[in-house]
Amino acid sequence: MIRLAALLMLLALPAKAEEIVLGLSRDEVAITATFEGSEILIFGAIKRDAPAPDDEDLGVIVTVAGPDEPVTVRKKDRRLGIWVNTQSVDVDVAPTFYAVATNRPLAEILTFTEDLNTRISTQRAIRSVGATIENAESFTRALIRIRAGQGLYQTLPTGVLVEEETLFRTLIPLPANLTEGDYKAEIYLTRGRQIVDLYTTVIPVKKVGLERWLYNLAHDNPFLYGLMSLSIAIAAGWGASAVFTMLRR
């Protein structure tokens, strides 16, 4: 809702002196049985009605966000020699994947208020409305730290290369443990740490081939999927036993 309000404010402004023209290296990402990660090249240009200003305060921000999901973050403490869950926070909205790439550190090209309104930074993209316990923000930081270690949350403060104040490009690495769904790519153009243009597009990430067939079978016909899995396990065990018997002879 907040991002929608910010977008409506941008649309209400007069004709822009600078606009984003975008390109993508691929229209979709296919997850196969042997998928080990990938990359998306996002590139584009800045269309102008007049020469670029000489103040060198141009900012380019690229975000790629996976589908949102609720998450429960738990804290463990040692009690009587064992580790147990002692506190938890329900995070209402957390993207399954989130990358922020900029041409300079985010604080240098975006004000705190703009970040608060548009939720560009990773910390702002995660929303925990009902958290009432003390130090609830530490749970959000823990979630960011865990997913960053898995390659799912990325902050690339110099990940966008800008050439001659006109052309820009960035390479967003995608880990192997991606969640299927529509990934939203947003490109922000800033001047004086204020957003002057926004471009949004969607990159589908979906399973294909055998991976898609197995996924559909497991969800649409779990009984048949279970029988097939059991049959494969029995056949594999019998085959291994037969090979072992032959080797012993």
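Me: Leaving aside its neighbours within four places in sequence, which residues is Ile42 in contact with?

Reply: This is a predicted model, and in it Ile42 is in contact with Leu22, Gly23, Leu24, Val62, Val64, Phe168, Arg169, Thr170, Ile172, Ala185 and Ile187, once the neighbours within four places in sequence are set aside.

Me: And in the largest nonpolar core, which residues touch the most other members?

Reply: Ile42 and Phe97 do, in a core of 47 residues. As a general background, nonpolar side chains in soluble globular proteins tend to be buried together.

Me: What share of the chain is buried?

Reply: Buried residues account for 35% of the 249 residues, and the accessible surface comes to about 14900 Å², with 58% of that belonging to carbon and sulfur atoms.

Me: Where is confidence lowest and where is it highest?

Reply: The lowest is helix H1 (residues 2-11), with a mean pLDDT of 53, whereas strand S7 (residues 98-102) has the highest, at 96. For the chain, the mean is 80, and 77% of the residues reach 70 or more.

Me: Switching to charges, how many salt bridges are there?

Reply: The count comes to six. One of them joins the side chains of Glu18 and Arg48, at 2.7 Å from N to O; because Glu18 lies in strand S1 (residues 18-24) and Arg48 in strand S3 (residues 38-48), the pair ties together parts that are 30 residues apart in sequence.

Me: Are those two buried or exposed?

Reply: Glu18 and Arg48 are both buried, and they are also linked with Asp57, Glu165 and Arg191 in a network of salt bridges.

Me: What is the N to O distance between Glu165 and Arg191?

Reply: Their side chains meet in a salt bridge at 3.5 Å. Glu165 sits in the loop between strand S9 (160-163) and strand S10 (167-174) and Arg191 in strand S11 (residues 181-191), so this pair ties together parts that are 26 residues apart in sequence.

Me: Why does Arg191 count as buried while Glu165 is partly exposed?

Reply: Arg191 counts as buried because its relative accessibility is 12%, which is under the 20% cut-off, whereas Glu165 has a relative accessible area of 22% and is therefore partly exposed.

Me: Last one: which strand holds Val202, and what is it in contact with?

Reply: Val202 is found in strand S12 (residues 194-207), and beyond its neighbours within four places in sequence it is in contact with Asp182 and Tyr183.

Technical notes:
Residues numbered from 1 in each chain as written. Heavy atoms only, no water. pLDDT = per-residue confidence, 0-100. Helix = DSSP H or I, 4+ residues; strand = E, 2+ residues; numbered from the N terminus. Core = buried A, V, L, I, M, F, W, Y, C linked by side-chain atoms within 4.5 Å. Buried < 20%, exposed > 50% of the residue type's maximum accessible area, 1.4 Å probe, protein only. Contact = heavy atoms within 4.5 Å. Areas by Shrake-Rupley, 256 points an atom, 1.4 Å probe, with all protein chains shown as cover. Salt bridge = Lys/Arg side-chain N within 4 Å of Asp/Glu carboxyl O.
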